[in-house]
Structures are given as C-alpha cells and as structure tokens.
Amino acid sequence: MSTFSQSLHRYFEAHEDEHLKELIEFLRIPSISTLEEHHKDINAACSWLINKLTIAGLENVQAIETDGYPFVYADWLHAPGKPTVLIYGHYDVQPVDPIELWESPPFSPVVQDDKIYARGATDDKGQVFLHIKAIEALLALTGELPINIKCCIEGEEEVGSFGLTKWLENNQELLAADFIVISDTPLMQQGIPAICYAVRGLCALQIDVQGPQMDLHSGGYGGAVSNPIHALAKIIQSFHDESGKIAIDGFYDDVLHIDVEERNQFSTVAPPDEYLMNQLGVPHLYGEPGYTAIERTWIRPAIDTNGIYGGFSGEGTKTIIPSSAHAKVSIRLVPDQKPKQVFEQLEAHIQLHAMPGVIVTTTRVDEGLPYVASLDHVAVQAAHYAYQEAYQVEPVYIRMGGSIPIVSTFSEQLNAPIILMGFGLPDEQAHAPNEHFHLDNFRKGLLTLALFFTQLAQ
C-alpha cells in the first residue's frame, strides 16, 4: 500500500466512530419517496445532506427543485486543467413492507456482526455517504481536491427519477462533466471488487382487472360470473411458457445477442448456479433455457410479477368473488430493447389473454433504457487501480441485472461516460427486510473513492 494510501487509511480509522454516528443519523430518516406521507422525511434527508456536504467543504450546496422531489447539488471547481466528475446518488429509499420480517426496526439502525442494518444502508444512503466522507478526507488532508467535483444526489430514484429527468431536458450545463460516477451497484462477492459496465433497462406497469361492481357471495354467484383473481392469474401465467421462456409475441426480436467470448468470461467471475441455490435456499433455479443464472440476469430480459392484491386476505375465510384484482409487473430489458415497444407488446398480450366477463386495464408507471459502457476510458483504469490498492486484489468486470433509469438519461443528456463503482453485496437485501451494509466494504469503499479521485488527476 502506498504512503498516501496509508495516510488515508489512518485518517478513516481515526474518524470511523464519528462517521458511523453520522451514517446512523442519515439512516434514521424514513425518506420513502413512494409514499406521500413521507414527504417531510424527504425534505429532512435533503436538508441533512446539504448540511453534511457544506461541512465536508463543498461549495454552492443547495436543493434544486424539480417537478418531483428536489435533488441536492454541490461542487468544488478549483482544479484547472483537471477533469470534472459528476457524483450521482440518491437519498430516497424503498418502503419497508413486510415490516413483520424485519429483525430490528428499519429506521433504527443496528450495528451487529460488523454490519449496519437499516433501510437504505446499502441502497443507496451508505454508498452516497462514502463519497461525502472521501471528499471530506481529501480536503482535510491536503486542503484541496485533485479534480473538479459536482454532486447530484436525488430524492426520487426509487420512483423513476421523473423530476430530475424532466429538469435535465433544459438544464444540462449545471451537471456537465467529463464523466459520471455512481455507487449503487454490488461487488462480485465479499472481498472481490467489481466495476460494473452494464445495467438492464426497465418497464413497469400495473394491471387492474374489474369484474362485478361489488364483491359477491361465492355461494350465490360462484360458477356464474368471472372471478377477477382467476382472470388475473390466467394473464400472469401466460407470460411464460412451460420451459420458462417469455411467451409474449415479438418480445425477443430486438434482444442483442452477446458473443461467446464475453459469455465465457462470465464463468470466470460468477459463482456457479449451485452457489446461488444454496445462498437463496431454493431447490432449483428457473428461467429461460440455454442460459446460466448469471446470464439470465446479466444479458437476458425477464418479466416478474412484483405483487398481487384483491379480495380477502385476512385471517379465516370470507367466501366472496372479489369485484377487482390487481398486479404490479416489471420487465428488465437488455440492449437493444426499447421500453415503448415492449410496453406495447405486453399490453397487447394482456388483452389477448383477458377472460370474458372482466375489464382489464393497464397503467405504465416506470421505464428506463439499458446501458452498456466502454471499458477503455481513463476513469475505468483509475477505478481499477483504486479498487486494487484498497482491496489488494484485482477487480473484476461485471454486468448487473438491476436497473438505474437515470444512467441512460445521463448518457443521452450529458453525453458523458458513466462509471459504476459499487460497494454493496448481492445478498445485502436491498429492497427487502433486514437490508444491511458490510462495514468492511464501508471502510474499503472510503479508501477506494479517495484513491480514485486522486488517480484521476494523474
């Protein structure tokens, strides 16, 4: 480890208790963007960030209003001739349901077994916090930053970044940068850092099935009218054939096929399917034939039903035919699929499989394009060096099955390369109960980012 790396390590070690105390403050704020009742918490998280970015030494720190929730902007632009990096992250979090599965309250952070448990710990407050403290450390140790930095930390990534996306249409100059760095992706596994060069896109919609105008007694009407839950189940069942392949007409027409060489590389960095089965506690994996689990999540599209509701689900029995049933569905897209075309294919398929006696409607709620980055950019080389120095092992290059809709927006609007440098782990239960963040990666992440910013100036 270099002399400068050692100085940074000592700094972070000396300030770890203070940093954890501040992160716990941040994680206590229930900034759930999807639920209107948490509007004040979004504002509280925004204000918290403004305070911490100012203390860190950044300038022009402010909340910028959009048609949605505000994003926090900050900069430090005193490195003439050096590159400008835009740091993006988000301070909003997912809902906590089902609350009964949490082993500790989601907004009362707990440190246990060298992990911090709370909603937002890994997605994305913990990773955003790393950037703030890496910048603060460089300013504290050297009095300046080696490069120019801008920050854009938004409050509605978990609901599609609609406000920021619209704001960007007429305001690209403020966020203009030589490249963009995002920490909202996972490592390959514990101890193996990863540079992510591709994410899948997203389509999400709601299906509403309307039957009789009120709930009906199943004894009086069972067998005589269509049951909306049955109709919805039929639609959902039709999404896949018996082998697990998506059965929507034309769905695969635009899917970009990956060459054999790249697919072979996946097997050198990804664990075998058996490892995933053991990790998830399932007896078998399921999906499109002819592909490994990692290929299905990295380079192939997928459709999933995220939730179903309707009728009676309380304790005991209530013998009714419900008047309506509903489902939330998401599709993960790969190059070269386009959200608009996939929405149209899915909507046509749903109507084709609608049962008589019900009315089926759909509502589009979210979308984002897939993204694939070039690996020959100087920032990728800097990320490689920083990960290797901090983790003392070579990083690997991976794709990610998840979606970050703002990535494609930034690529189009700002025309800048995007570097995905994450510090979470695939099994840290982001979006699920008992979300957590390994503190080993918290420590190494601080060092990695400080070294990354420094290396970019070379």
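A: In this predicted model, Asp124 is placed in the loop that runs between strand E5 (115-117) and helix H4 (125-142). The peptide bond that joins Asp123 to Asp124 is cis, with omega at about 0 degrees. Most peptide bonds are trans, and most residues other than glycine have a negative phi.

A cis peptide bond also joins Pro335 and Asp336, where omega is about 10 degrees. Asp336 belongs to the loop between strand E13 (324-333) and helix H12 (339-352).

The phi angles come next. Asp114 is a residue other than glycine, and its phi is positive, near 60 degrees. Asp114 is found in the loop between strand E4 (110-112) and E5.

Asn434 is not a glycine either, and its phi is positive at about 65 degrees.

Asp114 has a relative accessible area of 36%, so Asp114 is classed as partly exposed, a class that lies between the limits of 20% and 50%. Asn434 has a relative accessibility of 11% and therefore counts as buried, since buried means under 20%.

Key. Residues are numbered from 1 along each chain as its sequence is written. This is a predicted model: local features need pLDDT of at least 70, side-chain atom pairs count only at pLDDT 80 or more; totals for chains, interfaces and linings use all residues. Side-chain values use heavy atoms; hydrogens and water are left out. Helices (H or I, at least four residues) and strands (E, at least two) are DSSP runs, numbered from the N terminus. Buried means under 20% relative accessible area, exposed over 50%, partly exposed in between (1.4 Å probe, protein chains only).
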